[in-house]
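Hi,

Here is the structure I promised to pass on. Have a look at it first, and then read on for what I found.

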Amino acid sequence: AGFGAPKGCPEPTTVLASLHREEYMTDDATSSPLLGQSAWGLIGELTLVGGGLINFVALLRLLTVSDYGIVGSIQGIAAPAFALASMGAPFLMVRTVSRGGDRQEVWQRTLTSVIMGSLAVTVLLVILQPFILGPAALLPYALLLVSTGALAAFQELYFGLAMAIERIELGVASRIIGVGARLGGLALFAVVSDQSLTSWAWFAFVSNVIGCVAITLLLSRPFGIRFRLVHPKTWIGNARQGYGFAMNGVSEGVLDASDRPVLQNAGFAEVSGHYSAAARMVTFSYIPVLALFRVITPRIMRGGETGPNGAYRATLRLVPTFAGLGGIVSLLTFVLAPLPARLIGDSYQPSIEILRWLAIVPFIKVIQYLAGNALDAGQRQFVRLWLTLAAAGLNLTLNIIFIPRYSWRAAVTTTLIAETALLVALWGALIVLSRRGSQEPSTQEDEARTEAEHAQP
């Protein structure tokens, strides 16, 4: 029903565990075998971030503040919605293929899950549009949902597969094609359109479709895969394994972006534009820091084959590096906060104060990801899920209560409260579970020794 080995057969990860058990204990973020893949990973992240940054700045200059608020709100809706649509299939693909699973079979299952789930979620969100964004136009809402959700998720599948097979250069190629198509659409929008929200929605949709087709035609053979779907029931079957990962993505999306739709729905259209701009700047600031972490994710997965204790030990070595990088990014975000507004225009001056309030978020998020992915690798994803759901529920509840009264200040405050609470909870859970896991082998050895003694004449 999922990505595991057939019943009665050993998991392919059994052999990999013995091969890599020593490797993950010695690798760190600066080890020489990792530098080549890390360099490609950094190029891939910079491609995505650079293209997104150009798109972001251009839209801020071309659209009105209120229209950009709608765009930001749709992005906030799409993130958790399409995380649910995939039912954790992209994460399962990386985990399974990196541990020796059949690439073509896993790819077909993943592709089917993402396409079927995206279709279902898109239809549902279009039906619920009046209750989510109020009077926002339906056509641009639907087009941007598909563009920023389903089509972007499809393109990122190739990068995830490249990570799993440790051929990051192929993932970089997929991102260059996708980003190039989007920037081409952006250029046409700036030159030949009336620069309305509806026009941008159409250009974004068409350019993303072109990007998906080009990636599939050009890169399927180098990846060793074929575009083929399996029976739709695969989506339901894979959900049994993947819904924990999917719900974790949903909860993270709600935690990260629920404030923007709430601001829009509460009547703060222009404030939503300022807040969306500041929040997007924060996201851009720490994405490059995650390049190394994304590349070493398969190695942490192998470390987690022995349980939370192995994942904890593999992750602990990375904490000083990533904590330092996250702290530097937060500091630079605070100090350089006025710079983006100068580049964008005076209409976004209110975003400076919001950006400085949110400057600590990169540090918090980087440390969160370390603990959260260690729990996933140690097969304790449901611990991460429930903790993230609790933080997302706290954030959403506080947003609904306080944003109508206090506008963006409530959004900032509730974000910091929920993110800090999740950081403490994730690391606390990881430490407790790793200590329990470290005690299990010794207990088993004691029991075996006792049995052997009793068996002696």
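What share of the 457 residues of the chain count as buried? The figure is 54%. Please keep in mind that this is a predicted model.

On the overall fold, the chain has 21 helices and zero strands. If you take the contacts between residues at least 6 apart in sequence, 84% of them join residues at least 24 apart. The accessible surface is about 19800 Å² in total, and carbon and sulfur atoms account for 66% of that.

Now for the inside. The largest nonpolar core contains 108 residues, with F223 and Y275 having the most contacts inside it. Beyond its neighbours within four places in sequence, Y275 is in contact with D259, R260, L263, I354, L358, W408, A411, V412 and T415. S351 counts as buried because its relative accessibility is 2%, and buried means under 20%. Not counting residues up to four places away in sequence, S351 touches H274, A277 and A278.

L325, I328, L331, L332, F334, V335, L336, L339 and L343 make a nonpolar surface patch of about 840 Å². Helices α17 (319-335) and α18 (338-344) each supply at least two of its residues, and α17 gives the largest share, with six. L343 is found in α18; this residue is exposed because its relative accessible area is 56%, and exposed means over 50%. In soluble globular proteins, by contrast, nonpolar side chains tend to be buried together.

Best wishes

Technical notes: Residues are numbered from 1 along each chain as its sequence is written. This is a predicted model: local features need pLDDT of at least 70, side-chain atom pairs count only at pLDDT 80 or more; totals for chains, interfaces and linings use all residues. Side-chain values use heavy atoms; hydrogens and water are left out. Helices (H or I, at least four residues) and strands (E, at least two) are DSSP runs, numbered from the N terminus. Buried means under 20% relative accessible area, exposed over 50%, partly exposed in between (1.4 Å probe, protein chains only). Contact means heavy atoms within 4.5 Å. Accessible areas come from the Shrake-Rupley method with a 1.4 Å probe; for residues, only the protein chains shown count as cover. A nonpolar core is a set of buried Ala, Val, Leu, Ile, Met, Phe, Trp, Tyr and Cys residues joined through side-chain atoms within 4.5 Å. Patches are made of residues with over 30% relative accessible area and no salt bridge: like charges are joined within 9 Å, nonpolar side chains (Val, Leu, Ile, Met, Phe, Trp, Tyr) within 5 Å. A salt bridge is a side-chain nitrogen of Lys or Arg within 4 Å of a carboxyl oxygen of Asp or Glu.
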